[in-house]
Amino acid sequence: MPNTVPPAYTITPPNRPLVGRVSPPGSKSITNRVLLLAAMANGTSRLTGALKSKDTVLMARALREMGVTVEEPDATSFLVTSSGHLQAPSGPLFLGNAGTATRFLTAAVATIEGTVVVDGDEDMRLRPIKPLVDALNALGIDASSPTGCPPVTIHGTGRFGSGRVEIDASLSSQYVSALLMAAPFGDGPIEVALAGKDIGARGYVDLTLAAMRAFGAEVEGREDGSWLVQPTGYKATDFHIEPDASAATYLWGIEALTGGRIDLGVPTDAFTQPDAAAQAVIAQFPDMPEIIDGSQMQDAVPTIAVLAAFNNRPVRFVGIANLRVKETDRIRAVANELNRIRPGLAREEGDDLVVNADPALMHAASRNTASRIETYHDHRIAMSFALAGLRIGGVTILDPACTGKTYPDYWEMLAGLGVELTPTT
Ligand SMILES: O=C(O)C1=C[C@@H](OP(=O)(O)O)[C@@H](O)[C@H](O)C1
Ligand SMILES: C=C(OP(=O)(O)O)C(=O)O
């Protein structure tokens, strides 16, 4: 393996079951939640099992820019020391294409007395944030995003408002998590309610509640589906972060496609993240169901969609409209790239993705047609299409470095299992 990631990797199908022990990296979702909560707690919090990747490095850097001390005693720990209040940074916060960091901080910086600009890269600047800005406005906070996407300018007064606020979370559950995590800084109790019923994967809100409670917040889910948060602030604490369930889906995919066995070092039922539900679907490969509802395991959909290309029957993915506003339009990206592997393999139907299974692809290792997979700056497109290369000859993944968003060691992991990766241009 070269030290720097090349412009592309061509994958040689291993033609044998892949077996080994692989610990997935720490959860991105939980790492970015507890980094923020520790930064809003007075004292020192030790976070272990953490993910160190582009998304969490951007979060940690933004917190440092707001006066928080974030030390890194080892490769999987953060030591966060804070006064309990974020301070105004001297310039805009740049958060790349980290949805969690961008959304969570947009609400959190409203607790600062001063002006903060929350911004991201060109892809993040296409990802909607208006529903969150509208909810902040409803709490009396002066926030604006002229395009409805980042950058967002927040003129904080140090007060987070109080009372009931409704939020449209149909595009992203992260808006709800963002409001909830800032709400302990309210002038009084804050009730967060959904405008409408739709919310992406609800399990991410449960992750938020669990993390908030660990840092001393009082938050209760109410019968009408809203959440009530008391104005307690946070208390510093030590927190162990579980492995990333979305990262685990690639390992389950490797097992399914190669008939192998990978010891993740953690039982599936120990995960609290929504994507762990993908394991039960992947376990049915090559007889995965004809209709798969991806709404509660959204980040696992690209993984399962690539597996579906090898399934014994076609698969329609429903409940995935949100995938159009992730790092890229994942419905389009997956359809495009499956069709690059074999024309007619997938199609979009409205916001559904239909994958026309072709079990013969399980025997395409000696194929020498080149499939150069575009990855659209999207780690999950790169990681899921690499799975196709385990069975099909000629698969080349462009811009493999994009996995650094959540899984910097992805290619080392594959090589460690014995997969031959040839650096190409
Ligand atoms: O809260 C979280 O940690 C996440 C929520 C999901 O996003 P949306 O809520 O935008 O669907 C998920 O896709 C993302 O990777 C992480
Ligand atoms: C959608 C994702 O990330 P985020 O929204 O946190 O940028 C993801 O990791 O698949």
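Among contacts in the protein chain between residues at least 6 apart in sequence, what share joins residues at least 24 apart? The share is 74%, with contact meaning heavy atoms within 4.5 Å.

This is a predicted model, where local features need pLDDT of at least 70, side-chain atom pairs count only at pLDDT 80 or more, and totals for chains, interfaces and linings use all residues. Residues are numbered from 1 along each chain as its sequence is written, and side-chain values use heavy atoms, without hydrogens and water.

**Overall fold**

The protein chain holds twelve helices and 23 strands. Its radius of gyration is 21 Å, close to the 22 Å of the globule rule for 425 residues, so the chain is as compact as a globular protein of that length. Buried residues (under 20% relative accessible area, 1.4 Å probe, protein chains only) make up 60% of the 425. The C-alpha atoms fill a box of roughly 65 × 45 × 35 Å along the principal axes.

**The cavity**

The count is one cavity of 30 Å³ or more. A cavity is a set of points on a 1 Å grid over the protein atoms alone where a 1.4 Å probe fits but cannot get out; lining residues have an atom within 4 Å of a point. The largest cavity has a volume of about 340 Å³. Its lining has 31 residues, with Lys28, Gln174, Tyr204, Asp299 and Lys326 nearest the centre. Domain 1 (8-25 + 243-424) and domain 2 (28-240) each give at least three lining residues; these bounds come from an automatic or database domain assignment.

| Lining class | Residues |
|---|---|
| Nonpolar | seven residues |
| Polar | eleven residues |

Asp, Glu, Lys and Arg count as charged; Ala, Val, Leu, Ile, Met, Phe, Trp, Tyr, Cys and Pro as nonpolar; the others, Gly among them, as polar.

Note on methods. Chains lettered and ligands numbered in written order. 1 Å grid on protein atoms, 1.4 Å probe; cavity = no way out; pocket = protein on both sides within 12 Å on 5 of 7 lines; lining within 4 Å. Points joined across faces, edges and corners; volume = space filled by probe spheres on them. Helix = DSSP H or I, 4+ residues; strand = E, 2+ residues; numbered from the N terminus. Rg over C-alpha atoms; globule rule 2.2 N^0.38 Å. Buried < 20%, exposed > 50% of the residue type's maximum accessible area, 1.4 Å probe, protein only.
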